[in-house]
Each structure stands twice: as structure tokens, then as C-alpha cells.
Amino acid sequence: ASDVYKRQQEAPMEKQIVLESNAEYEAFVDKFKPKLTTDDCYTPPEVYEVVKNWACAKYGIDPAKIVRPFYPGGDYESFDYSGGAVVVDNPPFSKFVPICSFYLSEGVPFFLFAPELTLFSGRSIFTQINHIVTGCTVKYDNGALVKTAFVTSFDAHIAAMTAPDLGRAISGGARGAKQKPAAIRLPRQYFDGDNASEDGPQWY
């Protein structure tokens, strides 16, 4: 009877050791997994189609001319933009300003995804592009939820505009993909020269 009691006491301890070992192993393996950043926000196909269709209808873009140079291992600077190519894509957010500057200098028209949080941070290119606020949140393929806006070389005489219809269309595409629908909320932005903040009048 004493042996049975001893085994019963040891069993929970053995189980705990196994669980702790598994947790330590998972933590060890996790160190070698690539860490995802906002540059890994790959666009859900249904969201991209909504954005592409909206841009084509709004700016008269020929869908056959659209190219997507941003993919793992791709080099947007060496990409072939001949034949009147128009870029409609989701670029690495960390290289947002250099990418826009490159397209502006090369005369390549573009319509790009952009993080709303830093949408107006490109002081060197601010007056050369149109900033489009949609007020929607996109759930990207890596699970990241990012408040997403857009920038374009089309209608560059307009510094900034809102596009609640695009926001609603994106949210509708998300619902179609069984994602949680995002609320449409227009952000407040205040401009004083080159700076932008969350305080001040609300955009409509």
C-alpha cells in the first residue's frame, strides 16, 4: 500500500516536469522563428481586390497595367515598369518614404497601402502625393490589425482626402472573408506646417 501511495505522489510531479520541459522547449524553438513586423503584413486577396477595383474606378487605371513589385525577395528598384505600368500594392511600411520617392523620381504612377499612424510623416514628399484616409482596420495574413490608409500619385494636387466608401468596401470584403468587420471612424488630424498630430479638427 505504501508503494501505491508513493507512486500516486510522484505521478503529478513527473507530469509537471514534462509540462515544464515542453514549455522550455517551445520557448527555445521560438527564439529561432522569424519575428513578424509591419513589413510582413501580407494583404488578404479579398482586401486587395477591393482596393484595386476602387482605384481603377476612381482614377481610370487599366487593370491590365497593374503590377505588384512587392513580394518576398523582390527588388522594386529593379522591377520592369515599362509599358505604362501602374503600381497598386502593399509595400514594406518601414521603407514607405524611400519607395514613394523612387516612384516619384522615376515617373511611375502608384496607389499604395500605408499605415494610418504615420501617414503624414513623409515631409519630403508630402506635397507630391495624395494621402487617403479610410478610417478602416485591415486584418493582414500574419494576424496583425493595422489601421490602414493609402497614398497615391493620382490627384497629387490634393494633399489629403477621406474615402469612407473605400473604407466600407474594405470592411465588406473582410466580412466576406469571415473577418470581424471594422468600424468606420474618421481620424482627427491637425496640420501646422510640416507636422501632423491627433489633436485638432476632425476630417469629414
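Predicted model: local features only at pLDDT ≥ 70, side-chain atom pairs only at ≥ 80, totals over all residues.
How many of the ten residues of β4 are buried? Eight are, so β4 is largely enclosed by the rest of the structure; buried here means under 20% relative accessible area, exposed means over 50%, and partly exposed lies in between, with a 1.4 Å probe and protein chains only. Residues are numbered from 1 along each chain as its sequence is written, and side-chain values use heavy atoms, with hydrogens and water left out.

Let us start with the overall plan. The protein chain has four helices and eight strands, where helices (H or I, at least four residues) and strands (E, at least two) are DSSP runs numbered from the N terminus. Read from the N terminus on, the order of elements is α-α-β-β-α-β-β-β-β-α-β-β. Of the 204 residues in the protein chain, 38% are buried. Among contacts with a separation of 6 or more, 55% are between residues 24 or more positions apart; contact means heavy atoms within 4.5 Å.

Now to the sheet. Six strands form an open sheet with mixed pairing, in the order β1-β2-β3-β5-β4-β6; two strands pair if DSSP finds at least two bridges between them. The edges are taken by β1 (66-67) and β6 (160-162), each with a single partner strand, so one side of each is left without a neighbour in the sheet. Two helices pack on this sheet. Helix α2 touches β1, β2 (86-89), β3, β4, β5 and β6, and its direction makes about 135° with that of β3. Helix α3 (residues 96-106) touches β2, β3 and β5, and its direction makes about 170° with that of β3. For these angles, axes are lines fitted to C-alpha atoms, for helices over the stretch in contact, and the values run from 0 to 180 degrees between N-to-C directions.

Six of its six residues are buried, so β3 is largely enclosed by the rest of the structure. Both of its faces are covered: Phe110, Leu112 and Ala114 are buried on one side, and Phe111, Phe113 and Pro115 are buried on the other. With β2, strand β3 pairs in the parallel sense over three bridges, and Val87 has Phe110 as its bridge partner in β3.

Back at β4, you can follow its pairing on both sides. Seven bridges join β4 to strand β5 (residues 145-152), and the two run antiparallel. The bridge partner of Thr137 in β5 is Lys147, while that of Asn130 is Thr152. These two strands form a hairpin with five residues between them, and Gly143 in the turn has a positive phi of about 90°. With β6, strand β4 pairs in the parallel sense over three bridges, and there Ile132 stands opposite Met161.

Leu117 lies in the loop between β3 (110-115) and β4 (130-139), and it counts as exposed because its relative accessibility is 76%. Leu117 and Ala149 are 32 residues apart in sequence and 8.8 Å apart in space, C-alpha to C-alpha. In the loop between β5 and β6 you will find Asp155, which counts as partly exposed at 31% relative accessibility. Most residues other than glycine have a negative phi. Asp155, although not a glycine, has a positive phi of about 55°.

Let us return to helix α2. At 1.5 Å a residue, its 15 residues (45-59) should span 21 Å, and its end C-alpha atoms are 21 Å apart, which agrees; the expected span is 1.5 Å times one less than the number of residues. Among the buried residues of α2 are Val47, Tyr48 and Trp54. The charged end of Arg68 sits over the ring of Tyr48, 3.7 Å from its centre (the criterion is NZ of Lys or CZ of Arg within 6 Å of the ring centre and within 35 degrees of the ring normal). After α2 comes Gly60, with a positive phi near 65°.

Finally, the aromatic residues. The structure holds 15 aromatic pairs; rings of Phe, Tyr and Trp (its six-membered ring) pair if their centres lie within 6.5 Å, with planes under 30 degrees apart counted as stacked, over 60 as edge-to-face and the rest as tilted. The ring centres of Phe120 and Phe126 are 6.2 Å apart and their planes are at 55°, so this pair is tilted. Both residues, Phe120 and Phe126, are buried.
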